[in-house]
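Open the model in your viewer and keep the sequence panel beside it. The stops below tell you what to select and what is there.

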Amino acid sequence: MKRFALCCVLTLNVGLLQAQTFNSDSAYRSLSQLSGKAKMDAYQTLIINNWLNLPDKAIVYAKEAVVYANQTNDPTLKAVAVRLVGGVFVYMGSYDSALYYSKQAFQLSMGLKDSVLISASYNNMGFIHYHFSNYPLALENLLKSLQIKYAAKLDYGLGQTLNNLGLVYMGLKDYDQARHYLNEAVGVANRLSDLNIALYSSNNLGFSYLEENKLEEARQYFDASLHIASKVDNANWHATAYSGMAQVMKRQGQVESAEYYLDKSLQLRNSIGDKRGISEVYYFLSEIRLERGEYNEALLYLRKSQQIAEQAKIKQRLLENYQLARRVFEKRKQYDSALYFQTRFTMLRDSLFNENMARELVDIELSMQEEETQKQLASKDEELDRKTTVTNYLTIIFLITLLFSFALYRSYKLHKELSKSLRKSNEQLS
């Protein structure tokens with residue numbers, strides 16, 4: 001499942017359609033002429049147009065955005081900048097760093113009580129937990145994001161959140177529910193004429209059928225993806241569509257076609273320096289060589305995949321590579337080597353499980369702290385409401401007393417004047 005998950009988008013990818021004509025260098029030079037929100041918007045555009053294909057460049061812009069936001073001391077700009085850093089780390093595969101910055105962005109967003117920023121932060125944290133295979137926390141965060149978007153009628157990031165929910169349910173093997181959300185995302189893409197979300201959704205639908213080994217349905221969606229990809233400049237997801245089609249061809253026994261699509265995918269991924277995608281393609285090429293009985297070639301491609309995965313610290317790819325290495329050495333009857341890679345697989349899997357457990361405990365603790373903070377804030381709000389009510393009552397009583405006193409004073413004045421008038425009349429009569 002994780003081999004295709006990085007075709008994702010977080011909730012900041014508005015503007016990707018401008019990528020064909022976007023010039024990063026000229027946009028960067030124009031930053032010095034901007035300030036405030038306009039400057040942060042420019043940083044966001046720079047980061048968005050680079051984080052999918054050039055994440056190393058995007059992280060430089062993102063860190064500059066954080067420095068600028070801190071200089072302005074504007075909490076809204078801080079929340080946006082920190083969230084951008086978290087988004088770039090997702091595309092770099094550094095999920096621990098991504099979660100760290102996403103939590104910071106969430107706290108800033110909660111302080112601002114900004115529904116757009118809060119829903120985006122929930123989406124991002126949910127997606128990161130999906131990559132940790134922590135599906136309960138992923139669902140909790142993504143459903144909160146979706147609830148806010150529906151309540152506030154937000155189109156911003158809606159297609160991404162629906163897709164991310166689809167991915168979580170695919171991880172849970174609930175493909176009907178996954179396709180429910182993915183088809184909703186298709187509807188959003190059509191309504192907004194968003195080709196990027198259309199491509200993202202079509203790829204994910206294709207993989208949902210591939211997971212069930214429903215190859216004809218999967219092939220139809222990847223055909224649709226390749227058609228959409230020809231209309232939009234999105235090398236990452238275009239490469240993902242080629243990879244999906246290659247997997248369909250391989251399972252249907254059309255190995256030459258599978259290699260053709262893998263070669264297409266590899267070309268695109270090399271053009272954007274997508275280490276995760278390149279490592280994935282080498283893994284599939286190794287599988288093909290193994291099935292042909294070409295064990296030396298299988299190990300050659302597997303070493304290439306492993307080298308990149310180790311450099312980029314792509315743990316899910318390392319797990320699959322260890323399993324494939326075990327299969328190759330078993331075929332070669334080198335059982336000591338097969339046992340070695342099985343041991344490496346078990347150790348890494350257990351390590352990831354323990355890391356996820358630790359993260360979950362931290363998240364539960366933070367959730368409890370958040371609930372306690374909310375209770376304290378609610379208590380303070382109630383106390384403030386009580387004080388406000390008492391103040392209002394006292395103000396009303398004071399105003400009533402003032403009016404009554406004024407009425408008494410007016411009555412006294414009238415009575416005095418009347419008495420004086422009567423006294424004068426009596427004197428005249430006397």
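Start with L319, a buried residue at 8% relative accessible area; buried means under 20%, exposed over 50%, and partly exposed in between, with a 1.4 Å probe and protein chains only. L319 sits in helix α16, residues 315-331. Helices here are DSSP runs of H or I with at least four residues, numbered from the N terminus. L319 and T346 are 27 residues apart in sequence, and their C-alpha atoms are 8.6 Å apart in space.

A note on what you are viewing. This is a predicted model, in which local features need pLDDT of at least 70 and side-chain atom pairs count only at pLDDT 80 or more, while totals for chains, interfaces and linings use all residues. Residues are numbered from 1 along each chain as its sequence is written, and side-chain values use heavy atoms, with hydrogens and water left out.

**Helices α5 and α6**

Select residues 95-112 for α5 and 115-131 for α6. Their axes are 9 Å apart and the packing angle is about 160°. Axes are lines fitted to C-alpha atoms over the stretch in contact, and angles run from 0 to 180 degrees between N-to-C directions. The angle therefore makes α5 roughly antiparallel to α6, a label for angles over 145 degrees. The α5/α6 crossing is left-handed: the near helix is turned anticlockwise from the far one by less than a right angle.

Show side chains next. On the α5 side, the contact residues include Y95, L99, F106 and M110. On the α6 side, they include L117, Y122, M125 and I128. Contact means heavy atoms within 4.5 Å. By class, this contact has 12 nonpolar, 6 polar and 1 charged residues. Ala, Val, Leu, Ile, Met, Phe, Trp, Tyr, Cys and Pro count as nonpolar, Asp, Glu, Lys and Arg as charged, and the others, Gly among them, as polar.

**Helices α7 and α8**

Move to α7 (residues 135-152) and α8 (residues 158-171). Their axes come within 10 Å and cross at roughly 155°. So α7 is roughly antiparallel to α8. The crossing of α7 and α8 is left-handed. Among the contact residues are Y135, L142 and L146 of α7, with L162, L165 and Y169 of α8. The α7/α8 contact has 12 nonpolar, 4 polar and 1 charged residues.

**Salt bridges**

Side chains of opposite charge can pair when their charged atoms come close. The structure holds 18 salt bridges, each a side-chain nitrogen of Lys or Arg within 4 Å of a carboxyl oxygen of Asp or Glu.

Which residue meets E212 at 2.7 Å, N to O? Select R179. E212 is in the loop between α10 (195-211) and α11 (215-229), whereas R179 is in helix α9 (residues 175-192), 33 residues apart. R179 is buried at 7% relative accessibility. E212 is partly exposed at 29%.

Now pick K214. E212 also bridges to K214, with the closest N and O atoms 3.6 Å apart. K214 is partly exposed at 35%.

For another pair, select K250 and E287. Their closest N and O atoms are 3.6 Å apart. K250 lies in helix α12 (residues 235-251) and E287 in helix α14 (residues 275-292), 37 residues apart. K250 is buried at 19%, and E287 is buried at 10%.

Finish by selecting D176, R179, E212 and K214 together: salt bridges that share partners join them into one network.

Technical notes: Helices (H or I, at least four residues) and strands (E, at least two) are DSSP runs, numbered from the N terminus. Angles under 35 degrees count as roughly parallel, over 145 as roughly antiparallel, 65 to 115 as roughly perpendicular and the rest as oblique.
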